[in-house]
Amino acid sequence: MMHTELIDQEDLRERLVALGFSVPSGATAEQACEYAVTGLCPERALALRHMVEDILAGSATVLPTVREAISRTLLPALVPRS
């Protein structure tokens, strides 16, 4: 039996913490994304961009709340500014 990886808000929080972002336990996906973009420096933005690319391009199932939080909060913060 195959098991598909599921990315829920706790998995998103754990991924952000592994990258060095301070995200409290129990944070919603939206809150976790907000913590991640607060005071974002270029090095962390690059790491965050790679994490988002991995999540969205991977074969894991991303829960709608996580996908929505990424779309609403992370993606706009990662758009290069001219």
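How many salt bridges does the structure hold? The structure holds 4 of them, a salt bridge being a side-chain nitrogen of Lys or Arg within 4 Å of a carboxyl oxygen of Asp or Glu. This is a predicted model, in which local features need pLDDT of at least 70, side-chain atom pairs count only at pLDDT 80 or more, and totals for chains, interfaces and linings use all residues. Residues are numbered from 1 along each chain as its sequence is written, and side-chain values use heavy atoms, with hydrogens and water left out.

**View A. Arginine 13 meets glutamate 10 in a salt bridge.** The closest N and O atoms are 3.1 Å apart. Both residues sit in helix H1 (residues 9–18), 3 residues apart, so about one helical turn separates them. (Helices are DSSP runs of H or I, at least four residues, numbered from the N terminus.) Arginine 13 is buried at 13% relative accessible area, while glutamate 10 is partly exposed at 29%; buried means under 20%, exposed over 50%, partly exposed in between (1.4 Å probe, protein chains only).

**View B. Glu5, Asp11 and Arg15 join up in a salt-bridge network.** Here aspartate 11 and arginine 15 pair at 2.8 Å, N to O. Aspartate 11 is buried at 17%, and arginine 15 is partly exposed at 24%.

**View C. Over in helix H4 (residues 64–78), arginine 72 and glutamate 68 lie 4 residues apart.** Their side chains form a salt bridge at 3.0 Å, N to O. Arginine 72 is exposed at 55%, and glutamate 68 is partly exposed at 40%.

Notes: Helix = DSSP H or I, 4+ residues; strand = E, 2+ residues; numbered from the N terminus.
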